[in-house]
Amino acid sequence: MSDFWRRVDEELDYKGINRTYLAKECGFSLTNIGQGIKLGSTPSAETAVKIAKVLDVSVEYLVTGNESPRRVENPEINEILHDIRHLSPGDLSIAKTLVHRLSGH
């Protein structure tokens, strides 16, 4: 497995999501991901950008590993962030309002 795909898998694991979700969010099939992993190839720039966007990391990090991904070390916050990623736009708006009220903003 190439370093690119290893870093993708690390981010998927960290964020608690799987390759199927990544493929769906990027607009391509799981087979495409499997093929890239099998061949050990780095995807096109366009594909790498889509993957980085879903994972909320930079393309540079996925390609080179030189830049550290943004990470929150609090497990409770990570759990909340994971749950938030799956909210509908309406529910996300409600959650945002709730957080603002709880934090006094």
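The model is predicted, so local features are given only at pLDDT of at least 70, side-chain atom pairs count only at pLDDT 80 or more, and totals for chains, interfaces and linings use all residues. Residues are numbered from 1 along each chain as its sequence is written, and side-chain values use heavy atoms, with hydrogens and water left out.

Start with the overall build. The chain has 7 helices and 0 strands. Helices (H or I, at least four residues) and strands (E, at least two) are DSSP runs, numbered from the N terminus. The order of elements from the N terminus is α-α-α-α-α-α-α. Along the principal axes, the C-alpha atoms fill a box of roughly 50 × 25 × 20 Å. The accessible surface of the chain is about 7100 Å², and 55% of that belongs to carbon and sulfur atoms. Such areas come from the Shrake-Rupley method with a 1.4 Å probe; for residues, only the protein chains shown count as cover. Of the 105 residues in the chain, 27% are buried. Buried means under 20% relative accessible area, exposed means over 50%, and partly exposed lies in between (1.4 Å probe, protein chains only).

Now go inside. A nonpolar core is a set of buried Ala, Val, Leu, Ile, Met, Phe, Trp, Tyr and Cys residues joined through side-chain atoms within 4.5 Å. The largest one has 20 residues, of which V8, L22, I51, L55 and L62 touch the most other members. At least two residues of this core come from each of α1 (3-15), α2 (19-26), α3 (30-39), α4 and α5 (59-64). Helix α4 gives the largest share, 5 residues. What does L62 touch, not counting residues up to four places away in sequence? Its partners are D3, F4, R7, V8, A48, I51, A52, L55 and V57.

Rings of Phe, Tyr and Trp (its six-membered ring) pair if their centres lie within 6.5 Å; planes under 30 degrees apart count as stacked, over 60 as edge-to-face and the rest as tilted. The count is 1 aromatic pair. The ring centres of F4 and W5 are 5.0 Å apart and their planes stand at 85°, so this pair is edge-to-face. F4 is buried at 2% relative accessible area, and W5 is buried at 3%.

S2 sits in the segment before α1. S2 is also buried, with a relative accessible area of 13%. Beyond its neighbours within four places in sequence, S2 contacts G40 and S41.

Next, the loop between α4 and α5, which holds D56. D56 is not a glycine, yet it has a positive phi of about 60°. D56 is partly exposed, at 38%.

I77, I80, L81, I84, L87 and L92 make a nonpolar patch of about 440 Å². Patch residues have over 30% relative accessible area and no salt bridge; like charges are joined within 9 Å, nonpolar side chains (Val, Leu, Ile, Met, Phe, Trp, Tyr) within 5 Å. A salt bridge is a side-chain nitrogen of Lys or Arg within 4 Å of a carboxyl oxygen of Asp or Glu. Helix α6 (residues 75-84) supplies the largest share of the patch, 4 residues. I80 is in helix α6. E46 is in helix α4 (residues 45-55) and is exposed, at 56%. E46 and I80 are 34 residues apart in sequence and 29 Å apart in space, C-alpha to C-alpha.

Definitions and conventions: Contact means heavy atoms within 4.5 Å.
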